[in-house]
Amino acid sequence: MNLIQRIQRFFNFTASQPESWFVEWVRGGSNTDSGVTVNGRTTMQYAPWWYGVNKICGHLAQLPVDLCEKTGPETNRKIENHPSHWLINSQPNEAMTPSVFREVIQHHALLWGNGRAAIYRNNRMEPDELIPLAPDRTQSVIVNGEKWHIHTSETNQITKFRDNEVLHICGFGYDGIQGYSLIEFARNSIGLGLAAEKHMNALWRSGNRAA
């Protein structure tokens with residue numbers, strides 16, 4: 001069974017009627033009304049967009065994160081001796097500092113509507129590492145009443161994670177399972193900005209000036 005067949009089998013759609021997210025994934029982006037392709041990479045080429053995303057993610061990454069245990073209907077207490085507290089505040093994984101990790105996850109949640117990180121555990125089944133999952137290659141679905149996160153690697157290897165194996169920051173959405181992609185919903189606005197920028201650059205390069 002090849003990759004397409006495995007995806008079709010799991011998500012229950014056919015090649016003749018693919019889901020819209022699958023079409024976008026295959027194309028690597030979509031042409032907007034302006035004719036400019038907008039995806040996770042091209043949006044960051046638009047300076048105002050870059051500035052806003054960088055400011056939001058950078059500032060939020062510096063905020064403290066507390067691990068709390070619910071002790072009553074309206075009361076909580078901080079827990080500092082739990083492995084999860086160490087991961088979030090000291091070392092989420094060997095490659096990232098806490099602020100970099102939070103900035104990455106916030107970036108994913110802000111633009112794709114979902115920030116996800118796989119939770120890897122040690123021999124004592126304690127959370128030991130948090131590894132971000134690419135937002136454009138991960139989907140959250142309900143199968144037989146259970147929430148799963150499906151990740152497709154760059155080598156087309158599919159990995160299925162149960163919900164308790166993933167840290168999921170879900171943005172605004174319609175079903176509570178996964179959030180809307182801001183890139184998808186705002187692609188015409190972003191494309192217009194990129195197209196206007198490209199048009200004006202072409203005018204200046206050719207020696208013309210806008211009236």
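## Basis of the values

Because the model is predicted, local features need pLDDT of at least 70 and side-chain atom pairs count only at pLDDT 80 or more, whereas totals for chains, interfaces and linings use all residues. Residues are numbered from 1 along each chain as its sequence is written, and side-chain values use heavy atoms, with hydrogens and water left out.

## Nonpolar cores

A nonpolar core is taken here as a set of buried Ala, Val, Leu, Ile, Met, Phe, Trp, Tyr and Cys residues joined through side-chain atoms within 4.5 Å; buried means under 20% relative accessible area, exposed over 50%, and partly exposed in between, with a 1.4 Å probe and protein chains only. The largest such core has eleven residues, including Val36, Trp49, Cys57, Trp112 and Ile190. Two or more of its residues come from each of α3 (47-61), α5 (98-112) and α7 (187-205), and α3 gives the most, with three. Helices (H or I, at least four residues) and strands (E, at least two) are DSSP runs numbered from the N terminus.

Apart from this core lies another, of six residues, among them Leu87, Ile88, Phe101 and Ile105.

## Helix α7

The 19 residues of α7 should span 27 Å at 1.5 Å a residue, and its end C-alpha atoms are 26 Å apart, which agrees; the expected span is 1.5 Å times one less than the number of residues. The buried residues of α7 are Ile190, Gly191, Gly193 and Leu194. They cover an arc of only 160° around the axis, so they lie on the same side of α7, the arc being that of the directions from the helix axis to the C-beta atoms.

Contact meaning heavy atoms within 4.5 Å, the cover over these buried residues includes β2 (37-38) and α3. The face of α7 turned away from its buried side carries the exposed residues Ser189 and Leu192. Just after α7, Gly207 takes a positive phi of about 90°.

## Cysteines

With a disulfide defined as a pair of cysteine sulfur atoms within 2.5 Å, the count comes to zero. Cys68 is partly exposed at 44% relative accessibility, and Cys170 is partly exposed at 33%. Cys57 touches Glu103, Gln106, His107 and Leu110, not counting residues up to four places away in sequence.

## Aromatic rings

Rings of Phe, Tyr and Trp (its six-membered ring) pair if their centres lie within 6.5 Å, and planes under 30 degrees apart count as stacked, over 60 as edge-to-face and the rest as tilted. The whole structure holds two aromatic pairs. Tyr174 and Tyr180 form a stacked pair, at 5.9 Å centre to centre and 25° between the planes. Tyr174 is exposed at 65% relative accessibility, while Tyr180 is partly exposed at 29%. Together with Phe172, Tyr174 and Tyr180 form one aromatic cluster.
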